[in-house]
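Keep the structure open while reading.

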Amino acid sequence: MDIDTIGDWERTNDCGSLRRDDVGREVVLMGWVNRRRDLGKLIFIDLRDRFGLTQIVFDEEFDEISHEKAGILRNEWVIAVKGEVTPRLHGQENPDLPTGDIEVKVKELKILNETEVPPFQVDGKIDASENLRLKYRYLELRRPALFHNLVMRHRIALGIRNFMNREGFLEVETPVLTKSTPEGARDYLVPSRISKGFFYALPQSPQLFKQLLMMAGFDRYFQIVKCFRDEDLRADRQPEFTQVDLELSFGDEAGVMDVFEGMMVDIFSKILNYPVSKPFPRIEYKKAMDLYGSDRPDTRFGMELKNISDLLRSSTFKVFTEVMEDGGVVKAINIKGGVSFSRKVLDELNSIVTDYGNKGLFWAKVKPDGWQSTLNKFLTPDMRSSVEERLGAVEGDLIIFVSDMEQAANEALGLLRIEISKRLDLVKDKTYSFVWVTKFPLLEYDRDEKRYVAVHHPFTAPLEEDMPLLSERPEAVRARSYDLVLNGEEIGGGSVRIHTLDLQNQIFRILGLGKEEIQEKFGFFLEALSYGAPPHAGMALGFDRLVAIMVGAESLRDVIAFPKTQRATCSVTDAPSKVDKDQLAELGLSLLYP
Ligand code: ASP
């Protein structure tokens, strides 16, 4: 088939722009055939580009040649048309389409390209498998929903850049071929050809460079930056992802929080027209665990966890008393109106806690004639009413009890709380609730590695008042760290940094690093700390996740143009892929598993 060229045609309009006011104009449109209806003498086509759809009409009586040519058009062919904007017949307007009042009567048609039959229909419901859609991502991206997400992503990034610029932050690019930056994941390594046997690591974050920029006096830095973490892909993670990274000098927790709160207020109001008010609530890590059983609490609904151990110490229920004797707790939540939960639902909730490793939950339905519960015979009426009182439970409610060591009980009830909120639809769509979780533990003991590891990263400053505990009880020291949580998802985190050489060395030693290792890994950084490092603090925000929440996407993949699969592969290009022997030899490498 002959393919036409654009020649001297110039596109006068995009496919989303023509309105009733344009009637009578001669226009040139270009785009894809989205859908075609052939009624014989009349052929209708919805012409599509990224801006929208316009109905074009080939009328045999109006122009025979283009009408005949249009007979062979199929979906997804690329065409250009010259024609006249005409009003649609009365009653045939499409109020769902911005261009729905008009159509373009075609005088001349150019076929700019044909197409193979696409592996799935672009205009239609999503019935192809995710693998196929990822492989043909450029076709998937022709669909308005996905495209819209990427437009939103662009607007959010632009909003953030404008905001940061107004706040006096400089965007500075940091290296991608670099050295390991410890953020708790595995590095992606890149072999060096010039220095054989040596490797770059792709940045898990620009952490060390942004701190160096503070030492260089940049004062306020930010970057919207790709980071790389080689993790087993749990649920919704991407091995390469984008962060809004920030660092500021001569400021502390309050300074960083203030900037991010301002940024959220700004983009949520400008982009979603949603009023976020600041300051955001702050809750210490320990309290978040106590109340919500999670370090990323969803605060859009109550159902807070209550410790009721003191009320049940003298009960005759062995399951509870034995746990308490071993230093554990009994905690409970109250579900408003939960008496309606069926046995099946309760069994499902039970398996959530047993899957998690707990022995199981107990429950009590508060009925007019007392509790319906296996606990009845073990708890005195006084105990029952004091439990009700602490939980604010009334007739019609359901109380769920979990007993375990404190952390495990919190986490189990935390999971239940979220699951129940989903089942009861407690969360209104399109509400956004921010909360800061602060003062996480600085260190935790890694039983496998038999040493302490940093909870955030090793550059995080300990809380001043906990410093005396550093050598005796490192696990009890709290950090000057903070996470930003939105609707129960952690969207960012950061900390006040250590800015003195002595303290940084002390932390490295507590983390079990030897002198040589410290020197080899972080020598350059320690040296920089010794040349007048200002106090500084910073944070990074997961940009993909923020966009996903703002557009209401289910998966991060829906807000990334070319995402990786669960197996960290790129379906479009088939990366990672084999390389030939010469390329390996050039890098001084040979494979153990050819
Ligand atoms: N580097 C940290 C991260 O990527 C964020 C920060 O502390 O600024 O999670």
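## Elements and overall build

Helices (H or I, at least four residues) and strands (E, at least two) are DSSP runs, numbered from the N terminus. With that rule, the protein has 16 helices and 22 strands. The model is predicted: local features need pLDDT of at least 70, side-chain atom pairs count only at pLDDT 80 or more, and totals for chains, interfaces and linings use all residues. Residues are numbered from 1 along each chain as its sequence is written, and side-chain values use heavy atoms, with hydrogens and water left out.

Along the principal axes, the C-alpha atoms of the protein fill a box of roughly 95 × 75 × 55 Å. A residue is called buried under 20% relative accessible area, exposed over 50%, and partly exposed in between (1.4 Å probe, protein chains only). Of the 594 residues in the protein, 48% are buried.

## The shell around the ligand

A residue is near a molecule or strand if one of its heavy atoms lies within 4 Å of it. The ligand has 14 residues around it, and Glu183, Gln207, Lys210, His456 and Arg497 come nearest. Which elements each supply at least two residues of this shell? They are helix H5 (207–215), strand E21 (489–496) and strand E22 (536–542). The largest share, 3 residues, comes from E22.

Residues can also be sorted by class: Ala, Val, Leu, Ile, Met, Phe, Trp, Tyr, Cys and Pro count as nonpolar, Asp, Glu, Lys and Arg as charged, and the others, Gly among them, as polar. By this sorting, the shell around the ligand has 2 nonpolar, 8 polar and 4 charged residues.

An N or O atom in the side chain of Ser205 is 3.2 Å from a nitrogen atom of the ligand. In the side chain of Arg229, an N or O atom is 2.9 Å from an oxygen atom of the ligand. His457 has a polar side-chain atom 2.9 Å from an oxygen atom of the ligand.

Taken alone, the ligand exposes 270 Å², and the protein buries 93% of that. Accessible areas come from the Shrake-Rupley method with a 1.4 Å probe; for residues, only the protein chains shown count as cover.

## A pocket and a cavity

Rolling a probe the size of a water molecule over the atoms shows where empty space is left. On a 1 Å grid over the protein atoms alone, a cavity is a set of points where a 1.4 Å probe fits but cannot get out, and a pocket is an open set with protein on both sides within 12 Å along at least five of seven lines; lining residues have an atom within 4 Å of a point. Grid points are joined across faces, edges and corners, and a volume is the space filled by probe spheres set on the points.

The second largest pocket holds about 820 Å³ of space. Its lining has 21 residues, and Ser577, Val579, Leu584, Leu589 and Leu591 lie nearest its centre. Strand E7 (189–191) and helix H16 (581–586) each supply at least two residues of this lining, which divides into 14 nonpolar, 3 polar and 4 charged residues. The structure holds 1 cavity of 30 Å³ or more. The largest cavity has about 30 Å³ of space and is lined by Thr174, Pro175, Val176, Pro203, Pro206, Val225 and Lys226.

## Backbone details

Two cis peptide bonds can be looked up. One joins Lys278 and Pro279, with omega about 0°; Pro279 is in the loop between helix H6 (253–272) and strand E11 (282–284). Another runs from Ala575 to Pro576, with omega near 0°, and Pro576 is in the loop between helix H15 (543–551) and H16.

Met303, a residue other than glycine, has a positive phi near 50°. Met303 lies in the loop between helix H7 (285–292) and strand E12 (306–307). Is Met303 buried or exposed? Met303 counts as buried, because its relative accessibility is 13%. Lys450 is not a glycine either, and its phi is positive, about 55°. Lys450 sits in the loop between strand E18 (443–446) and strand E19 (451–454), and is exposed at 64% relative accessible area.

How values were computed:
Polar contact = N/O pair within 3.5 Å; in protein donor to acceptor, adjacent residues only side chain to side chain.
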